[in-house]
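Me: I would like to learn to read this model feature by feature. Please give me the general idea each time, then the case here.

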Amino acid sequence: MVLVALKTVHIMMLVIWCAGLLALPLLLAADHQGQSQADYTRLRLTLQHAYIRVVTPAAVIAVVAGTALIFLGNVYVPWMFAKLVAVGFLVGLHGLTGHAIIAIGEDPNAARLRLAIPRIVAALGLMAVILGLVLAKPAIPLDLVPDWLMQPRALHLPLDEVPM
Ligand code: HEM
């Protein structure tokens, strides 16, 4: 029951997150020529609010619910780690979108369709990879994982803490 509830939250939130990663760059890059200063300011504030109050919280809740699902469902399998790598890139794109929203406050020319399109294509590609991994759950052979990831490295923590 908890698993089903968490998965529902996970999927609802990631739909909002992914929709934001596609819609925000498009709105950013729309043609603002001929727009009045008041309309442009309203658009900027709408984008900021959407990013800060809707898309980012949805991303955080999707990640938290997904992390809980790993531990509750014991999903310690190679396809999940491959999925997490792709999610890491998606988080990077999320950061780039936030940066672009701040940048158009300083310079309206910072939002250009030629910048938005590669981001949207990259986001769509990553979403397809993630969905492919999570739905097909491919059996990725462990020998594809480099040796250094399979062995303890005997490295020290960067601080003087004694593990409990
Ligand atoms: C840090 C981020 C994420 C974590 C830790 C995570 C983790 C998980 C886990 C553990 C499951 C359950 C898998 C199972 O029971 O077999 C799951 C399900 C799912 N995840 Fe994620 N996920 C994350 C982000 C995403 C993203 C960004 C997407 C899509 C773009 C996504 C799409 C899905 C879908 C569609 C399911 C349902 C799959 C099914 O039940 O067949 N997840 N996720």
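Me: At what angle do α1 and α2 pack, and how far apart are their axes?

Reply: Two ground rules come before that. This is a predicted model, where local features need pLDDT of at least 70, side-chain atom pairs count only at pLDDT 80 or more, and totals for chains, interfaces and linings use all residues. Residues are numbered from 1 along each chain as its sequence is written. Now the general idea: two packed helices are described by the angle between their axes and the distance between the axes. Here α1 and α2 pack at about 145°, and their axes are 8 Å apart. Axes are lines fitted to C-alpha atoms, for helices over the stretch in contact, and angles run from 0 to 180 degrees between N-to-C directions. Helices (H or I, at least four residues) are DSSP runs numbered from the N terminus.

Me: In which hand does α1 pass α2?

Reply: The crossing is left-handed. That term applies if the near helix is turned anticlockwise from the far one by less than a right angle.

Me: Which classes of residue make up the contact of α1 with α2?

Reply: The contact of α1 with α2 has 24 nonpolar, 4 polar and 1 charged residues. Ala, Val, Leu, Ile, Met, Phe, Trp, Tyr, Cys and Pro count as nonpolar, Asp, Glu, Lys and Arg as charged, and the others, Gly among them, as polar.

Me: Which residues have the most contacts inside the largest nonpolar core?

Reply: In soluble globular proteins, nonpolar side chains tend to be buried together. Here the largest nonpolar core has 21 residues, and those with the most contacts inside it are Leu14, Trp17, Leu21, Leu24, Leu28, Ala62 and Ile101. The elements giving two or more residues to this core are α1 (2–29), α2 (37–73), α3 (78–106) and α4 (113–136). The largest share, 8 residues, comes from α1. Such a core is a set of buried Ala, Val, Leu, Ile, Met, Phe, Trp, Tyr and Cys residues joined through C-beta atoms within 7 Å.

Me: Which residues of α1 are buried?

Reply: A residue is buried if 20 or more other C-beta atoms lie within 10 Å of its own, exposed if 12 or fewer, and partly exposed in between, with C-beta atoms placed from the backbone. The buried residues of α1 include Met13, Trp17, Cys18, Gly20 and Pro25. Leu27 is also in helix α1. With 14 other C-beta atoms within 10 Å, Leu27 is partly exposed.

Me: How far apart are the end C-alpha atoms of α3?

Reply: The expected span is 1.5 Å times one less than the number of residues. The 29 residues of α3 should span 42 Å, and its end C-alpha atoms are 43 Å apart, which agrees. Buried in α3 are Lys83, Leu90, Thr97, Ala100, Ile101 and Ile104.

Me: Which residues come nearest to the ligand?

Reply: Near means a C-beta atom, placed from the backbone, within 6 Å of the molecule. Of the 21 residues around the ligand, Val63, Gly66, Leu69, Val87 and Ile130 come nearest. α2 gives the most to this shell, with 7 residues. By class, the shell divides into 16 nonpolar, 4 polar and 1 charged.

Me: Where does Ala154 lie, and is Ala154 buried or exposed?

Reply: Ala154 is in the segment after α4. It is exposed, because 5 other C-beta atoms lie within 10 Å. Ala154 has a positive phi of about 55°, although it is not a glycine. The C-alpha atoms of Gly132 and Ala154 are separated by 35 Å.
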